[in-house]
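Look over the sequence and structure first, then work through the points below.

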Amino acid sequence: AEKALYQERISVMDTILRNTRPTAKQMYLDPRTKILLCLTYTLVMLSSEGMGIMRYVQPCLAIIPIVLLLVLKKPLLAGYYAGLYLFTAAFPYLIMPHLPRAVNLLFAGIVAISTQAIPSMAMFCFLMLTTTASEFVAAMDRLHISKKISMPISVMFRFFPTIKEEYAAIRDAMRLRNVGSWRNPLEMLEYRLVPLLAGLVSIGNELSASALTRGLNAPIRRTNMCPIGFHWQDVAVILLCLVLIVLFVLSAIMG
């Protein structure tokens, strides 16, 4: 009788999940689709040499994170990303010709890598903002990914927001004491970054203990109430990723 009741509850839960759709906070996308989008961005932006058709594809891809961040109502973050990308993209043409040769040799590679890496970092930020740890674990379980891979990454989903909260608390404490401002960079490093680095160790240990307590590494299949699943918008994004991969392969073959 208990087994039948358990099976009935599982059936009801599955029915609820199948009838539930991703919300606007998730950008109406499945976590697996967003992971595929991040991997595609990393492949196309970092592995491509920016020659041929990719010369036009890469700038178009750089615009998409701005639109996504604006849809998420993160205008400050979108503006910061746009300004940083425009600076790194315009640096070789507007600033480098007027700098000494030694400085150009030192910073040319860093600027070029940054121009290609910044859009991928923006897409990863989009993934972090729209996906919770539970949704990510549920998606990894659907893909039958080992717990040895999914569990550390799920801890990372809480690690970066916790670092942000910790730094905001340290910054407010230093402002209250009127120390560690930008007028004195050495004091800022001492009174802000040193406590933050010291707290990173304890934050990592606490998040790992929290994940173990919640049973994220349990060998049995976990139940969840995360509304994940593929819909028409996921199909559109997956097709976009396939088109980008095909263009990247053709560009690599044909030069």
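The largest nonpolar core has 24 residues. Leu37, Tyr41, Val44, Leu61, Met123, Phe126 and Phe157 have the most contacts inside this core. Keep in mind that this is a predicted model.

**The core**
- Two or more core residues come from each of these elements: α2 (31-47), α3 (54-71), α5 (101-130), α6 (133-142) and α9 (232-254).
- α2 gives the largest share, six residues.
- Val44 touches Met54, Gln58, Leu61, Leu244 and Phe248, leaving aside residues up to four places away in sequence.

**α2 against α3**
- The axes of α2 and α3 lie 10 Å apart, and the helices pack at an angle of about 140°.
- Angles over 145 degrees would count as roughly antiparallel, so this angle makes α2 oblique to α3.
- The crossing of α2 past α3 is left-handed.
- On the α2 side, Tyr41, Val44 and Met45 make the contact. On the α3 side, Met54, Gln58, Leu61, Ile64 and Pro65 do.
- This contact has seven nonpolar residues, one polar residue and no charged ones.

**α6 against α7**
- Helix α7 covers residues 147-176. Its axis and that of α6 come within 9 Å and cross at roughly 165°.
- α6 and α7 are therefore roughly antiparallel to each other.
- Their crossing is right-handed.
- Ala133, Phe136, Val137, Met140 and Asp141 of α6 meet Lys147, Ser150, Ile153, Ser154 and Phe157 of α7.
- By class, the contact of α6 with α7 has six nonpolar, two polar and two charged residues.

Methods: Residues numbered from 1 in each chain as written. Predicted model: local features only at pLDDT ≥ 70, side-chain atom pairs only at ≥ 80, totals over all residues. Heavy atoms only, no water. Core = buried A, V, L, I, M, F, W, Y, C linked by side-chain atoms within 4.5 Å. Buried < 20%, exposed > 50% of the residue type's maximum accessible area, 1.4 Å probe, protein only. Helix = DSSP H or I, 4+ residues; strand = E, 2+ residues; numbered from the N terminus. Contact = heavy atoms within 4.5 Å. Axes fitted to C-alpha atoms, helices over the stretch in contact; angles between N-to-C directions. Parallel < 35°, antiparallel > 145°, perpendicular 65-115°, else oblique. Left-handed = near helix turned anticlockwise from the far one by under 90°. Nonpolar A, V, L, I, M, F, W, Y, C, P; charged D, E, K, R; others polar.
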